[in-house]
Amino acid sequence: MILHQLILADTGQAVNISVNDGKIDKITSGAITDHTTALQLHFDDAIISPGLINSHDHLDFNLFPQLGNRVYKNYTEWGAYIHQQFKHEIAEVLQVPIQLRILWGIYKNLLCGVTTVVNHGKRLTIEDSPITVYEDTHDLHSAAFEKAWKLKLNNPLKKNVPVVIHTGEGTDEAASDEIDQLIYWNKLRRHLIGIHAVAMTAAQANSFKGLVWCPESNYFLLNKTAPVKELKQHTRIMFGTDSTLTGNWNIWDHINMAHKTELLTDKELYQSLNINAAKVWGLNTGEIAEGKDADLVIGRRKEGVTSLDAFYAITPVDLLLVIHQGNIRLFDQELLPPLAPHLKGREFSLIKISNGYKYVDGNLDALTEQIKAVLPGFVFPVEVIDHQIL
Ligand SMILES: [Zn+2]
């Protein structure tokens, strides 16, 4: 596949890219003339970025609405509150079979151009996922909710596996003490990756290999977010959405909120969604460079908007093409004519999102119908028109 005339989201440079065997084969500002490659796409005023990496989600929790109706001191207070106040709502969603909930969680990400999502919780069994679900981590929920967390943290058999844990998700002393406890009890000096870190200080951040910043979730629960402006001097910052229990389904909504805080520079925020996350998780993605996995997102550039502003102006309706490891996973209807001959025999769903039409890999029709059969009140953010074998 050759992609012609794209603008790199971070530098504004015009490039042509060839993709082979799931990898980026070549990227050049010069022309790529190769008549043996059948699939060639020409773009006009479109920007390209690495497929987004969502470093924190609970895939099976994305049928929940946002639960909570005030500001909480910390996650334990919020957790106790929602289990008491929203017992019925929670039980209803949990009636949906877990495989369906997970698959919707995957699509929630794909529809926005996420090509890698780091799932928190028990290891999932997913066959043929259209995006990478990264789970090579040792997940502990949190100091308060993970039983025997100190023993699990100091399990010598897992010494070399990074530990991912919610930490410092609060604005009170308990939230900050919890971080000290975690650092103190990390006797094996394992790599720690902290989620949320709202109560974290710069000194504490030194003990973490990376932090996942989830601003939308933080503001919803705590009306405060992590001081990433300070923390970024001491560790790597990655970006996460968490589930719809605490935020919008659309990661671009979260990115916009983060952008407005100006706690990270435009470039730092961009890199928290790609190269920085890839480095912490040890993935061969997150960069548009030769030899990297061909995880790519191409979006329509809004008129008169240049450089990274064009990236931050993207919404799901602007996506033209999402490629995961060289496979086409989502495309705008305007690309149907050049793509259809190359996708013969593959199943795609036609969806309407805002006022645009996209084709998405797989049968979203069946998935949404199966979910609605159990949860008739659930409102999907997209309308599924049809599914077909191309
Ligand atoms: Zn979480």
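**The second largest pocket**

Begin by selecting H2 and H3, each of which supplies at least two residues of the lining of the second largest pocket. The model is a predicted one, in which local features need pLDDT of at least 70 and side-chain atom pairs count only at pLDDT 80 or more, while totals for chains, interfaces and linings use all residues. Residues are numbered from 1 along each chain as its sequence is written, and side-chain values use heavy atoms, with hydrogens and water left out.

Helices (H or I, at least four residues) and strands (E, at least two) are DSSP runs numbered from the N terminus. A pocket is an open set of points on a 1 Å grid over the protein atoms alone, with protein on both sides within 12 Å along at least five of seven lines; a cavity is a set where a 1.4 Å probe fits but cannot get out, and lining residues have an atom within 4 Å of a point.

Next, show Leu63, Phe64, Pro65, Phe378 and Val379, which lie nearest the centre of this pocket among its 16 lining residues. H2 gives the largest share of that lining, three residues. The space amounts to about 260 Å³, a volume being the space filled by probe spheres set on grid points joined across faces, edges and corners. Colour domain 1 (2-51 + 285-389) and domain 2 (53-281) separately: both give residues to the lining, so the second largest pocket lies between them. The domain bounds come from an automatic or database domain assignment.

**The largest pocket**

Now select His58, Asp60, Phe61, His120 and His141, the residues nearest the centre of the largest pocket, which has 33 lining residues. Its space is about 850 Å³. Helix H1 (75-85), helix H2 (87-94), helix H3 (98-110) and strand S9 (138-142) each contribute at least two lining residues, and H1 has the largest share, five. The lining comprises twelve nonpolar, 14 polar and seven charged residues; Ala, Val, Leu, Ile, Met, Phe, Trp, Tyr, Cys and Pro count as nonpolar, Asp, Glu, Lys and Arg as charged, and the others, Gly among them, as polar.

Finally, select Ile47, Ile48, Ser49, Leu52, Trp252, Val297, Ile298, Gly299, Phe311 and Ile314, which line the largest cavity. Strand S5 (46-50) and strand S14 (296-300) are the elements giving two or more residues to this lining. The volume of the largest cavity is about 40 Å³, and the structure holds one cavity of 30 Å³ or more. By class, its lining has eight nonpolar, two polar and no charged residues.
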